[in-house]
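Dear colleague,

Please find the structure below, followed by a summary of what was found in it.

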Amino acid sequence: MTVRLGFIQVTRLGFGLREAFIPKVKAEQKKQRGDITHFQALMTALMMLTAFVILGGVKSIGKVVGVFVPVMIFAYVGGGLTILVMNFE
């Protein structure tokens with residue numbers, strides 16, 4: 001339906017968000033003190049990563065990017081070449 005209409009289905013958006021972010025708790029699973037959801041864990045990790053970036057400053061960001069960007073380039077080009085070779089007829 002989404003592909004045919006060309007945009008997201010607004011009428012089912014609330015259902016999709018509830019299914020994605022609100023966990024279903026079974027009767028035998030009682031929430032213990034200190035339990036957190038997957039969404040809360042993800043948000044905590046993103047908050048910590050953001051704090052490291054802000055507190056680390058531009059120099060540390062430059063160092064990390066200087067290492068990861070060449071690796072990403074090789075992985076992207078290598079993956080593209082692998083797909084081309086696998087589909088060569």
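The protein is a predicted model with an average pLDDT of 78, and 74% of its residues score at least 70; pLDDT is the predictor's confidence in each residue, from 0 to 100. Confidence is lowest in helix α1 (residues 2–5), with a mean of 55, and highest in α3, at 86. Where pLDDT is low, the predicted coordinates should not be read in detail.

The protein has three helices and zero strands (DSSP runs, H or I of at least four residues and E of at least two, numbered from the N terminus).

Helix α3 (residues 38–86) spans only 37 Å between its end C-alpha atoms, whereas a straight helix of 49 residues would span 72 Å (1.5 Å times one less than the number of residues). A bend of about 115° occurs in α3 at G57, taken as the angle between axes fitted to the seven residues ending there and the seven starting there.

Of the 89 residues, 0% count as buried (under 20% relative accessible area, 1.4 Å probe, protein chains only).

Residues are numbered from 1 along each chain as its sequence is written. Local features need pLDDT of at least 70, side-chain atom pairs count only at pLDDT 80 or more, and totals for chains, interfaces and linings use all residues, while side-chain values use heavy atoms, with hydrogens and water left out.

Kind regards

Methods
Buried < 20%, exposed > 50% of the residue type's maximum accessible area, 1.4 Å probe, protein only.
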